[in-house]
Amino acid sequence: EKLMTTGKAQLKFIISMLIFGSIGLFVKAINIPSSVIVLMRAIIGSLFLAIVFVVRKQPLNRKAVLNNLPILGLSGLVLGTNWAFLFEAYRYTTVSAATLLYYSAPVVVFLLSFVVFKEPMAWSKIAGIAAAVIGMIIVNGVGLGGSNPRLGLICGVISALLYAALMLLNKFIKNLSGLESTLAQLIIAAFVMMLYVLLRKENIWSFESGLEIFLLIAVGILHTGIGCYLYFSSMQELSGQTIAVLSYIDPVSALFFSAMFLSERLSAMQMLGALLILGGTAFSQLYKQNSARNKC
């Protein structure tokens with residue numbers, strides 16, 4: 001029975017990774033400002049997760065939400081801004097390049113954890129970081145492609161830094177499940193982006209076709225609501241090592257989808273760079289966990 005539960009959890013987690021990996025295809029086809037896409041994603045996603053709480057009759061830990069409000073507010077702001085820069089990176093460079101830039105975030109987390117949390121810098125982390133940095137140099141040196149590669153590179157790097165900041169901020173959230181903190185962060189991100197869109201006087205309804213409306217709803221329901229629900233509901237049944245391994249389905253599937261549907265082909269050198277980025281990050285995570293498990 002436990003094996004069946006674990007297998008079901010793994011399937012849910014894999015599906016969530018494939019969902020997250022396909023978001024670049026959808027965003028690339030929506031020709032409206034990234035801030036508006038983020039706003040609608042946050043609104044639709046938070047509504048979907050709120051319905052999940054109601055249907056499951058799962059009470060929200062309001063006291064814990066209030067206790068964590070300052071950090072939730074900051075992380076909600078970072079979440080919205082992070083998505084905005086990522087979507088801009090998709091717009092100005094290729095989905096594959098933006099994805100590789102975005103997934104260099106764990107490297108930043110390792111470095112900041114050494115400074116902020118005084119975590120020891122093991123040789124495995126140093127080796128993983130070095131491989132990922134070399135991979136980034138190779139990918140960027142060969143050329144990113146897209147309508148404005150330089151601006152895409154800047155947006156991708158900023159999105160990675162914000163993603164790293166979000167990972168670190170979530171370490172400070174106490175007594176809230178991942179689903180609860182995500183719902184709170186989405187609501188806050190929606191408010192922040194609403195203010196930004198109003199101040200910028202963006203036209204929220206500037207859709208060119210019905211397909212764009214459909215894709216935007218899909219990003220909110222599928223890539224945010226369903227994706228986050230599958231992700232967090234499966235994590236409780238999986239070990240940290242399994243989660244770390246399966247998490248790489250997201251960037252790898254993004255590279256596969258962009259090659260299949262957008263005809264974005266990585267050169268041999270870029271493939272080498274991609275392997276160094278993803279492999280280096282994976283090694284620095286998995287070697288640590290294997291070492292810890294062997295000591296038990």
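How are helices α3 and α11 oriented to each other?

## Helices α3 and α11

In this predicted model, α3 and α11 are oblique to each other, a class for angles that are not under 35 degrees (roughly parallel), over 145 (roughly antiparallel) or 65 to 115 (roughly perpendicular). The axes of α3 (residues 34–55) and α11 (residues 210–235) come within 8 Å and cross at roughly 45°. Axes are lines fitted to C-alpha atoms over the stretch in contact, with angles from 0 to 180 degrees between N-to-C directions.

Contact means heavy atoms within 4.5 Å. Residues in the contact include Ile37, Phe48 and Val52 of α3 and Leu216, His223 and Tyr229 of α11. The residues of this contact divide into 13 nonpolar, 5 polar and 1 charged.

## Helices α5 and α6

Helix α6 (residues 95–102) packs with α5 at an angle of about 145°, the axes being 8 Å apart. Asn82, Leu86, Ala89 and Tyr90 of α5 meet Val95, Ala98, Thr99 and Tyr102 of α6.

Arg91 forms a salt bridge with Glu88, with the closest N and O atoms 3.3 Å apart; the term means a side-chain nitrogen of Lys or Arg within 4 Å of a carboxyl oxygen of Asp or Glu. The two residues are 3 residues apart in helix α5 (residues 69–92), separated by about one helical turn. Arg91 has a relative accessible area of 25% and is partly exposed, that is, between buried (under 20%) and exposed (over 50%), with a 1.4 Å probe and protein chains only.

## Basis

Residues are numbered from 1 along each chain as its sequence is written, and side-chain values use heavy atoms, leaving out hydrogens and water. Local features need pLDDT of at least 70 and side-chain atom pairs count only at pLDDT 80 or more, while totals for chains, interfaces and linings use all residues.

Key: Helix = DSSP H or I, 4+ residues; strand = E, 2+ residues; numbered from the N terminus. Nonpolar A, V, L, I, M, F, W, Y, C, P; charged D, E, K, R; others polar.
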